Amino acid sequence: MTDLAALERAILTDIDAAADEAALEAVRIGALGKKGSISELLSGLGRMAPEERRTAGAAINVAKETVTQALAARRAVLKAAALEARLAAEAVDVTLPTRENGIGAGRLHPISQVIDEITTIFADMGFAIAEGPDIETDDYNFTMLNFPPGHPAREMHDTFFFAPDETGERKVLRTHTSPVQVRTMLSQKPPIRVVIPGRTYRNDSDQTHTPMFHQVEGLVIDKTSHVGHMKWVLEEFCRAFFEVPSVKMRFRPSFFPFTEPSLEVDIQCARKGGEIRFGEGEDWLEILGCGMVHPNVLRNCGLDPDEYQGFAWGMGIDRIAMLKYGMPDLRPFFDADVRWLAHYGFRPLDMPSLAGGLTA
Ligand code: DAH
């Protein structure tokens, strides 16, 4: 029995020494597991005489009970210590001031902001937003818009062409947002009232041109809309966008294959020392092209020109953004320079709304 007492003491010492739950589990397996020291003693009982077995069995079971209780007690201590340690390690000081996060530090690009402003104004007039792909078929970019194959107007677009695919088709980077007029008329029944902001591409690069730029297109198709409605929509837009009580606009005859008649629109402005103001002055600044949708375009899109009519316009976004926010150079728009963005960018939560004042 001195052996049993020594074994029990040794096990209890190991239990006390176990530094964590894994170590304690190893001690338990060593004592009470299938091949554990106490388990082996218990299985040895079978080989004893009945008299001896009774006393030895009782003593071993007492030792087993002592060890089991010591294990449970130690486990409780280790569990509590582990929880303490975890709570200490994961403590959060809720009294620390908050760190400036992305919402505060990030800035919206002026183009994104201006697109939001434009769509807000037109949404208020009842327009929906439509979009189309940057990579376009020659058909949608030109042919369906009444540019006949070989027509010189195609060349004025400085088109970026893709290499022909297996079928011989040559896709293009869209040179204007006008192909989305076609996509819209093919997928929606009139009345149609959409604005189409997006990226456009032309092989052209200097101080005021970049190969990728932005346009916003407008399209209205129904049975009665005419040039008078178009003038009102465009004037109302310019007033709201430039945030002036009135703007003088000049509609000049022009040519686009997809409109008849076609017009170009200038707004009156004053240029003083590199600054430009609208709603006053004697200068004129060209800002967009527009017209009544050509009957051929309506026909190409499955609409009967004797029944339907409407107007469309297209406007460069980058330049009106420069004008409105006094940014002198177009190129930094696409330089991704965070210092420029910190200066000219907009806070993400400064969302334009007509009720709150567009840029208030
Ligand atoms: N797509 C023309 C361009 O990029 C702009 C334009 C002019 C669009 C007249 C129109 C329009 O919808 O009616 O130069």
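Reader: Which residues in H10 meet which residues in H12?

Author: In this predicted model, the residues of H10 that take part are Phe-237, Phe-241 and Phe-242, and they meet Ile-320, Leu-323 and Lys-324 in H12. By class, the contact of H10 with H12 has 5 nonpolar residues, no polar ones and 1 charged.

Reader: At what angle do helix H10 and helix H12 pack, and how far apart are their axes?

Author: Helix H10 (residues 227-242) and helix H12 (residues 317-325) pack at about 45 degrees, and their axes are 11 Å apart. H10 is therefore oblique to H12.

Reader: How are H6 and H12 oriented to each other?

Author: An angle of 65 to 115 degrees counts as roughly perpendicular. Helix H6 (residues 110-124) packs with H12 at about 95 degrees, with the axes 10 Å apart, so H6 and H12 are roughly perpendicular to each other. H6 contributes Ile-111, Val-114, Ile-115, Glu-117 and Ile-118, while H12 contributes Ile-317, Asp-318, Ile-320, Ala-321, Lys-324 and Tyr-325. The residues of this contact comprise 8 nonpolar, no polar and 3 charged.

Reader: Turning to the ligand, which residues come nearest?

Author: The ligand has 15 residues around it, of which His-176, Ser-178, Arg-202, Gln-215 and Glu-217 come nearest. By class, this shell has 5 nonpolar, 8 polar and 2 charged residues.

Reader: Which polar side-chain atoms lie 3.0 Å or 2.9 Å from an oxygen atom of the ligand?

Author: A pair of N or O atoms within 3.5 Å is read as a polar contact. A polar side-chain atom of Gln-181 is 3.0 Å from a ligand oxygen atom, and one of Arg-202 is 2.9 Å from a ligand oxygen atom. For Ser-178, an N or O atom of the side chain lies 2.9 Å from a nitrogen atom of the ligand. The protein buries 91% of the 350 Å² that the ligand exposes when taken alone. Strand E5 (212-222), strand E9 (283-293) and strand E10 (309-316) are the elements that give two or more residues to the shell.

Reader: Where is Glu-243 placed?

Author: Glu-243 is in the loop between H10 and strand E6 (249-256). The phi of Glu-243 is positive, near 55 degrees.

Notes: Residues numbered from 1 in each chain as written. Predicted model: local features only at pLDDT ≥ 70, side-chain atom pairs only at ≥ 80, totals over all residues. Heavy atoms only, no water. Near = heavy atom within 4 Å. Polar contact = N/O pair within 3.5 Å; in protein donor to acceptor, adjacent residues only side chain to side chain. Areas by Shrake-Rupley, 256 points an atom, 1.4 Å probe, with all protein chains shown as cover. Helix = DSSP H or I, 4+ residues; strand = E, 2+ residues; numbered from the N terminus. Nonpolar A, V, L, I, M, F, W, Y, C, P; charged D, E, K, R; others polar. Axes fitted to C-alpha atoms, helices over the stretch in contact; angles between N-to-C directions. Parallel < 35°, antiparallel > 145°, perpendicular 65-115°, else oblique. Contact = heavy atoms within 4.5 Å.
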